[in-house]
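Subject: The structure, with some notes

Hello,

Here is the structure I promised to pass on to you. Please open it alongside this message, and my notes on what I found follow below.

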Amino acid sequence: MIMQYKDFIFPHNPRKIEVETGILTSSLLCPFAGTMVQRLGQSPRAVTGEGQFFGPRALYDYRRLEALLQLPEAGYLAIPGLPAMQAYFVRLALSCEGDGQMIHYRFGFLESMNTQMTEGGDRYGRFNVYS
């Protein structure tokens, strides 16, 4: 499976992909009882990674990905080996080597917790728009 965000299919899977998740908590100091910790729910997953575009289309591929960063709405993010999720594209950085035919990029996505996946899907993988 190749990584995809909205209609952009990565020419090659990124070299490194990290998915971080956690639980939101709050602590409250209660006199004579100590500290009380309350679970507030699941935090959105943060997806970060890095990869390379190379060859004569390297800059073109980067520019297409960069254009998606400017769009305000969340989109489907498919990551190899994980269920698809709705996510916001929140970060993109690049560094070039040589004549611009080797572009290193870093990216960041943040799961959209307030947007329901369409067609009966949910964040736990009971939905897959990409085959």
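Let's begin with the sheet: 7 strands make up an open sheet, paired antiparallel in the order β2-β1-β7-β8-β9-β6-β3. The edge positions belong to β2 and β3, each of which has a single partner strand, so one side of each has no neighbour in the sheet. Please keep in mind that this is a predicted model.

Within the sheet, β1 (residues 4–5) and β7 (residues 75–78) run antiparallel and are joined by 2 bridges.

Next comes the helix. α1 lies across β1, β2, β6, β8 and β9, and runs at about 140° to β8. If you click on Leu 65, you will see that Leu 65 touches Phe 8, Phe 10, Phe 53, Phe 89 and Leu 92, leaving aside residues up to four places away in sequence.

Leu 65 also brings us to the core. The largest nonpolar core has 20 residues, and those touching the most other members are Phe 53, Leu 65, Leu 77, Phe 89, Phe 107 and Phe 109. At least two residues of this core come from each of β6 (46–54), α1 (58–69), β8 (85–97) and β9 (102–111). As a general point, nonpolar side chains in soluble globular proteins tend to be buried together.

The aromatic residues deserve a look of their own. There are 10 aromatic pairs in the model. One of them is Phe 10 with Phe 107, a tilted pair at 6.3 Å centre to centre and 55° between the planes. Phe 10 sits in the loop between β2 (8–9) and β3 (16–20), while Phe 107 is in strand β9, so the pair links parts of the chain 97 residues apart. Both Phe 10 and Phe 107 are buried. A single aromatic cluster takes in Tyr 5, Phe 8, Phe 10, Phe 53, Phe 89, Tyr 105, Phe 107 and Phe 109.

- Arg 15 is exposed, at 61% relative accessible area, whereas Glu 50 is partly exposed, at 24%.
- Glu 18 is partly exposed at 42% relative accessibility, and Lys 16 is partly exposed at 35%.
- Glu 111 lies in strand β9 and Arg 45 in the loop between β5 (34–42) and β6, so the pair ties together parts 66 residues apart in sequence. Glu 111 is buried at 5% relative accessibility, and Arg 45 is buried at 12%.

Terms used:
Residues numbered from 1 in each chain as written. Predicted model: local features only at pLDDT ≥ 70, side-chain atom pairs only at ≥ 80, totals over all residues. Heavy atoms only, no water. Core = buried A, V, L, I, M, F, W, Y, C linked by side-chain atoms within 4.5 Å. Buried < 20%, exposed > 50% of the residue type's maximum accessible area, 1.4 Å probe, protein only. Helix = DSSP H or I, 4+ residues; strand = E, 2+ residues; numbered from the N terminus. Contact = heavy atoms within 4.5 Å. Pairing = 2+ DSSP bridges. Phe/Tyr/Trp six-rings, centres within 6.5 Å; stacked < 30°, edge-to-face > 60°. Axes fitted to C-alpha atoms, helices over the stretch in contact; angles between N-to-C directions.
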